[in-house]
Amino acid sequence: PTLFSLIMESDKEGKSAITEETDEENKISQRKSTSENEMGRKASSKKSGKKDVESFDSLTFVSWWSELNEKHHLKLQFFFTDNHMEVTIDDSPQKLQIDKVETPSRSNSSGQVDETSHGLECWDLHVGLTIDVFGKPTTLKDCDLKTAEWNTFYANKLRQVKKRLITEIDKYQMKAYPPKLINDPGSNKPGGFKLRQLLNQIDELKRILGHYRPSLADKIIRQYS
């Protein structure tokens, strides 16, 4: 999946004309961006297994419930290709498919999803999230090692972008940030980082920086994409 496509696409609609930076600013910014980008690539390949993580094609979560003193398990595998989910109950060989994953608030009482909704994406899923599974609210209680690695990798990547945007914004304004914009949506559970919240924070920070340095805001996003 493309990490920053939603942020970059949002700029195409109704975006004001970008004020060009001076030639000297462009040269300095380009040298800095190139150097930092190279450092980022080296760090990613050594510490994060970037190529391995970006080759993942699905996320796997588990849930469970008790009925008549018997514990039942759900395996929920979400696929990036078309955002569908396969559900396996206990050790059954049968896999049930959910074409559009939703939270309970976006489904009606019979479990049918809102047809106008595009459904949840990989960035919305994390341990602790409650989704609708055939009309039953189901909390994603755990995940496999691969999913935890994927979630942590992108959380760290998004945090870098967020930190860089805040650093640049602080050069132009002294205002205090609202808590919802800077609070870290971290988690003490593997796979529990709320990536969508981080993406939304980055989107707003990019908008703020864009007021002062629009081309720099775009460069920062592209650098980490």
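**Figure 1. Pairing of strands S1 and S2 in the predicted model.** Strand S1 covers residues 58–67 and strand S2 covers residues 70–79. The two strands run antiparallel to each other and are joined by 10 bridges. Across this pairing, Leu-59 faces Phe-78 of S2. The hairpin of S1 and S2 has 2 residues between the strands, and Leu-68 adopts a positive phi near 55° there.

**Figure 2. Pairing of strands S2 and S3.** S2 also pairs with strand S3, made up of residues 85–89. This pairing is antiparallel as well and involves 5 bridges. Gln-77 has Glu-86 of S3 as its bridge partner. In the hairpin of S2 and S3, 5 residues lie between the strands. Asn-83 has a positive phi near 65° in this hairpin.

Figure 3. Glu-121 is classed as partly exposed because its relative accessibility is 32%, which falls between the limits of 20% for buried and 50% for exposed. Leaving aside residues up to four places away in sequence, Glu-121 is in contact with Phe-78, Asn-83 and Arg-196. Of these, Phe-78 is the residue that stands opposite Leu-59, and Asn-83 is the one with a positive phi in the hairpin of S2 and S3. The C-alpha atom of Glu-121 is 7.9 Å from that of Phe-80, although 41 residues separate the two along the chain.

**Figure 4. Cysteines Cys-122 and Cys-143.** Cys-122 has a relative accessibility of 3% and is therefore counted as buried. Cys-143 is also counted as buried, because its relative accessibility is 13%. With a disulfide taken as a pair of cysteine sulfur atoms within 2.5 Å, the model has 0 disulfides.

**Figure 5. Packing of helices H6 and H7.** Helix H6 spans residues 195–212, and its axis lies 6 Å from that of H7 at an angle of about 145°. H6 contributes Ile-202, Lys-206, Leu-209, Gly-210 and Tyr-212 to the contact, while H7 contributes Pro-214, Leu-216, Ala-217, Asp-218, Ile-220 and Ile-221. By class, the contact residues comprise 8 nonpolar, 1 polar and 2 charged.

**Figure 6. Burial of helix H7.** Helix H7 consists of residues 214–224. Because 9 of its 11 residues are buried, H7 is largely enclosed by the rest of the structure. The buried residues are Pro-214, Ser-215, Leu-216, Ala-217, Asp-218, Ile-220, Ile-221, Gln-223 and Tyr-224. For the chain of 225 residues, the buried share is 41%.

Figure 7. The chain contains 7 helices and 7 strands, in the order α-α-α-β-β-β-β-β-β-β-α-α-α-α from the N terminus. Confidence is lowest in helix H2 (residues 23–48), with a mean of 47, and highest in strand S7 (residues 142–143), with 96. Residues 10–25 stay under 50 in pLDDT and have 13 contacts beyond four places in sequence. Residues 32–48 likewise stay under 50, and the model gives 13 such contacts for this stretch.

Terms used. Residues are numbered from 1 along each chain as its sequence is written. This is a predicted model: local features need pLDDT of at least 70, side-chain atom pairs count only at pLDDT 80 or more; totals for chains, interfaces and linings use all residues. Side-chain values use heavy atoms; hydrogens and water are left out. Two strands pair if DSSP finds at least two bridges between them. Helices (H or I, at least four residues) and strands (E, at least two) are DSSP runs, numbered from the N terminus. Buried means under 20% relative accessible area, exposed over 50%, partly exposed in between (1.4 Å probe, protein chains only). Contact means heavy atoms within 4.5 Å. Axes are lines fitted to C-alpha atoms, for helices over the stretch in contact, and angles run from 0 to 180 degrees between N-to-C directions. Ala, Val, Leu, Ile, Met, Phe, Trp, Tyr, Cys and Pro count as nonpolar, Asp, Glu, Lys and Arg as charged, and the others, Gly among them, as polar. pLDDT is the predictor's confidence in each residue, from 0 to 100.
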